[in-house]
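Here is a short note for a colleague who is opening this entry and would like some points to follow while looking at it.

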Amino acid sequence: MEKKNRIIRHHNKQTGVTYLYWGHSTYIPGKTYPEVTKQCIGKLNSTGEFVPNKTFLTLSDQIQKETGLLWEQEAPGASIVKGTAYEIKRYGFTALIEKGSTSTGMKKILYKIYSDNYRSILSLLESLMTYPDRPLYRPRHFQDTCFHTSGQKLSEHLITAQLNLLDTDSIQRFLVEFRKHHEIDSRDSQSPYPDTIVLVISPEPLSGIPPLLMFLKERTLRPLFYRILNREESDCSQSSFDSQLKDLRNTQWRKGPVLIFSSKAYSHAHVNHLLRNNYRFFIELPSDNEIYLDSVRESSAHIHDTVNYYEPYGVYMWRKTITVEAPRRGRGANSYSLTLYLCLSPTDQITAQRELGRNFLKGKKELEQDPTLAHEDFYATYYHIHQDHERDTIFIEHNRDSQRIAMRTCGLRGYLASHSYPPEKAYQYIRARERLEPGFMDFLSRMKRPKHRLEELFDAKMFLAFLQSVIESWIHSVMDSYLLSDTHSCESIREELLEAFWKRPADQEVSQGSWTGLSQEIQKLFYIFSITDDSDVSSQVAASVRKELKQRKLERGLKID
């Protein structure tokens, strides 16, 4: 049997250099030492990074991957164009992130806390946000194809060094400064609701990520700061909330901000605890919850009424008051009145029903090919399986009743609230959770270092995820101001801006370059997000953007400035 090759290290004590070999050893009977077959493929430099030699570069891509020394293959980048003195790379989306960091005050405060290292911090952020399907420690494709803030080569050593700079003390100083920066303009707010809401992010129990509280400015839904809950109490237990949310009882938080939960945190006991302690909350109901299913059946004949239609965002909001039993010892209420909201997005409903219909057809074919799947929940719920007296499958048909119920819930989300809020306020809370939480958890999970645990330098990684949520909330706020939610998403904007190329003279600073070949659609986004000055955007494009905004306002019955 052929021996499996592995990495063999040899440290030269005289030169201090560690050489790496690719090979294997074979036991020879009668000898006191094995026979080693190996070839030198490179060495480690002073920072511990692998430096390949010519032998390594002649190995096939598959063997290079097997060594575990490279995490991705060299990407063909937009490097220096032959015959010219210019370098052309993607820069549009990176420029958007830089603009967002400036507009939110993030860049100024990062510089205040970390001085010139803020550039590398922004480059890590840009790398992760530009290519969402790539982990933090796979920056080569980004490096080869995009200009970024620092201009430095992103390597494992640099990434880890920058994460080490993000210690707990400096992170807390940043959060204090950032919070002050965004609370200055809200002191005179006359809103009848608290100026801050709290998104309670509950990860999967086995993810190794602790739950956390993200405090958002209610008017803009922009993250202000965050607080990690007790890692030992990943179920958001009562004691964890009581110990971590002491702020909610002091003068600053007199009424207490609204706590927004996903369905992962829902349980009857949890709701009872929140009610008894007078927390203001807004919690998503699980799709199999009886209260939710009953409300879906009850609302089916009325949810499409015009009075339930919320024009600005094109959704239907139906609500009712329900009573929840919460027996307690001694004095106090034994039941509470809560408001149940159902939010229906017609766009999401059509997309989800189309996808579910395909899954039902596909599931029937899979079940006919493999009847043993009948024991799985999906197949047992949505199909009738007819068997003979020997329990052999005769034929399979769709369970129309259960499939109709599933189709009815497409595009619907149910929430329980401790107080009754106007539909626009309730929908604002829903959007806060749906916009920030999924992206936050995905962003955080991509920062695992190869052959290390995600918990390594966890506070620094959590901080980067927070910075990403700040930028995304800024993008959403600009989209909302131009009423782009129906036609654009963060993903579509990213894809379009990746086609914006920047040309710079070779060996010069990025700022010395200029845009090249900007399409009309890209120029519109540049104007909307103020990415560049007016010289790069034609007057016709600016006029077109203003005209389209006016038309969208007329369609929605909004006031025109």
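How many helices and strands are there in the protein chain?

1. The protein chain holds 19 helices and 18 strands, where helices (H or I, at least four residues) and strands (E, at least two) are DSSP runs numbered from the N terminus. This is a predicted model, in which local features need pLDDT of at least 70 and side-chain atom pairs count only at pLDDT 80 or more, while totals for chains, interfaces and linings use all residues. Residues are numbered from 1 along each chain as its sequence is written, and side-chain values use heavy atoms, with hydrogens and water left out.

2. Of the 561 residues of the protein chain, 47% count as buried, a term that means under 20% relative accessible area, with exposed meaning over 50% and partly exposed the range in between (1.4 Å probe, protein chains only). When contacts (heavy atoms within 4.5 Å) between residues at least 6 apart in sequence are considered, 57% of them join residues at least 24 apart.

3. Helix α5 (residues 118–130) is mostly covered, as twelve of its 13 residues are buried, among them Y118, I121, E126 and T130. At 1.5 Å a residue, α5 should span 18 Å, and its end C-alpha atoms are 18 Å apart, which agrees; the expected span is 1.5 Å times one less than the number of residues.

4. Helix α5 packs against helix α16 (residues 458–481) at an angle of about 70 degrees, with their axes 10 Å apart. That makes α5 roughly perpendicular to α16, a label given to angles of 65 to 115 degrees. In this contact I121, L124, L125 and M129 of α5 meet L464, L467, Q468, I471 and E472 of α16. The residues of the contact divide into seven nonpolar, one polar and one charged, where Ala, Val, Leu, Ile, Met, Phe, Trp, Tyr, Cys and Pro count as nonpolar, Asp, Glu, Lys and Arg as charged, and the others, Gly among them, as polar.

5. Helix α12 (residues 346–369) has 24 residues that should span 34 Å at 1.5 Å a residue, and its end C-alpha atoms are 35 Å apart, which agrees. In α12 the buried residues are Q349, L356, G357, F360, G363, K364 and L367.

6. S511 lies in the loop between β17 (501–505) and β18 (514–516), and at 59% relative accessibility S511 counts as exposed. The C-alpha atoms of S511 and T149 are separated by 9.9 Å, although these residues are 362 residues apart along the chain.

Terms used. Axes are lines fitted to C-alpha atoms, for helices over the stretch in contact, and angles run from 0 to 180 degrees between N-to-C directions. Angles under 35 degrees count as roughly parallel, over 145 as roughly antiparallel, 65 to 115 as roughly perpendicular and the rest as oblique.
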